[in-house]
Amino acid sequence: MSSTPSSSGPDGLDGSRPPADEAARALKDIDRRRDQAHSSAINSRWVYVLFAVVFFALFAAPDFLGQGATGWTSAAFGILAVGYVALLNTRSGSALLGQPVRPRRQEISGRFRRYALLTLLAVLLAGFAIQLLQPHWHLDVPYWRTAVGAVGGGALALFGPRCQQALLSVAVRGSRRAGESALDGTH
């Protein structure tokens with residue numbers, strides 16, 4: 001019984017390579033699909049608008065409801081953050097937020113992780129420092145919390161998706177290995 005010779009080389013089964021224009025189209029298609037997948041890893045616009053409205057309402061509450069609202073607004077911010085993270089870590093929750101895929105943890109560069117953790121630590125330390133120094137400030141600016149809430153909420157609603165897209169591209173840039181996707185649709 002004789003077997004037919006088959007090509008098992010790197011050029012394919014029949015020993016020919018694809019033409020240059022076909023290879024270029026395939027590479028463009030890969031880039032287009034990668035960009036499409038990255039845009040799927042971004043929350044829906046309504047999530048940013050909702051968080052902007054909640055951010056404004058929680059910041060403005062002490063100006064309109066009195067200083068007693070300061071205690072429960074801080075707890076509400078914490079509950080909101082924990083609930084958001086919990087939703088993102090479940091398949092149905094992330095689909096509800098309009099984010100069907102997310103980057104794989106191993107595909108996020110170590111350098112980005114270090115900078116992100118250092119930035120988070122700096123923001124937390126600045127928050128503690130501001131809280132400790134606050135009694136000595138004597139700010140008599142009326143409705144300053146409302147103004148901060150309006151500016152912060154507006155920035156979140158307008159620039160949130162672009163900021164998330166930019167952070168995603170920085171996080172996975174350079175950390176991809178050939179032939180692997182940086183996105184994980186299975187959560």
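Student: Which residues in α3 are buried?

Tutor: Ala69, Thr73 and Leu88 are buried in α3. Buried means under 20% relative accessible area, exposed means over 50%, and partly exposed is in between, with a 1.4 Å probe and protein chains only.

Student: Where do they sit around the axis of α3?

Tutor: Looking down that axis, the buried residues of α3 fall within an arc of 70 degrees, so they line one face of the helix. The arc is taken from the directions running from the helix axis to the C-beta atoms.

Student: And which residues are exposed on the other side of α3?

Tutor: Gly71, Ile79 and Val82 are exposed there.

Student: What kind of model is this?

Tutor: It is a predicted model: local features need pLDDT of at least 70, side-chain atom pairs count only at pLDDT 80 or more, and totals for chains, interfaces and linings use all residues. Residues are numbered from 1 along each chain as its sequence is written, and side-chain values use heavy atoms, leaving out hydrogens and water.

Student: OK, how many residues does α3 have, and what does it span?

Tutor: Helix α3 (residues 69-88) has 20 residues and reaches 28 Å from first C-alpha to last. That is close to the 28 Å expected at 1.5 Å a residue. The expected span is 1.5 Å times one less than the number of residues.

Student: Zoom out. How many helices and strands are in the protein chain?

Tutor: Six helices and two strands. These are DSSP runs, numbered from the N terminus: helices are H or I with at least four residues, strands E with at least two. The pattern along the sequence is α-α-α-α-β-α-α-β. Of the chain's 187 residues, 20% count as buried.

Student: New topic. At what angle do α2 and α6 cross?

Tutor: At roughly 165 degrees, and the axes of α2 (residues 45-65) and α6 (residues 144-172) come within 8 Å. That makes α2 roughly antiparallel to α6, a label for angles over 145 degrees.

Student: What residues make up that contact?

Tutor: The contact of α2 with α6 divides into 17 nonpolar, six polar and three charged residues.

Student: Is Arg145 buried or exposed?

Tutor: Arg145 is buried, at 13% relative accessible area. Arg145 lies in helix α6. Arg145 and Ala57 are 88 residues apart in sequence but 9.9 Å apart in space, C-alpha to C-alpha.

Student: What is the phi of Tyr143?

Tutor: Near 60 degrees, a positive value in a residue other than glycine. Most residues other than glycine have a negative phi.

Student: Where is Tyr143?

Tutor: In the loop between α5 (110-133) and α6. Tyr143 counts as partly exposed, at 47% relative accessibility.

Notes
Axes are lines fitted to C-alpha atoms, for helices over the stretch in contact, and angles run from 0 to 180 degrees between N-to-C directions. Angles under 35 degrees count as roughly parallel, over 145 as roughly antiparallel, 65 to 115 as roughly perpendicular and the rest as oblique. Ala, Val, Leu, Ile, Met, Phe, Trp, Tyr, Cys and Pro count as nonpolar, Asp, Glu, Lys and Arg as charged, and the others, Gly among them, as polar.
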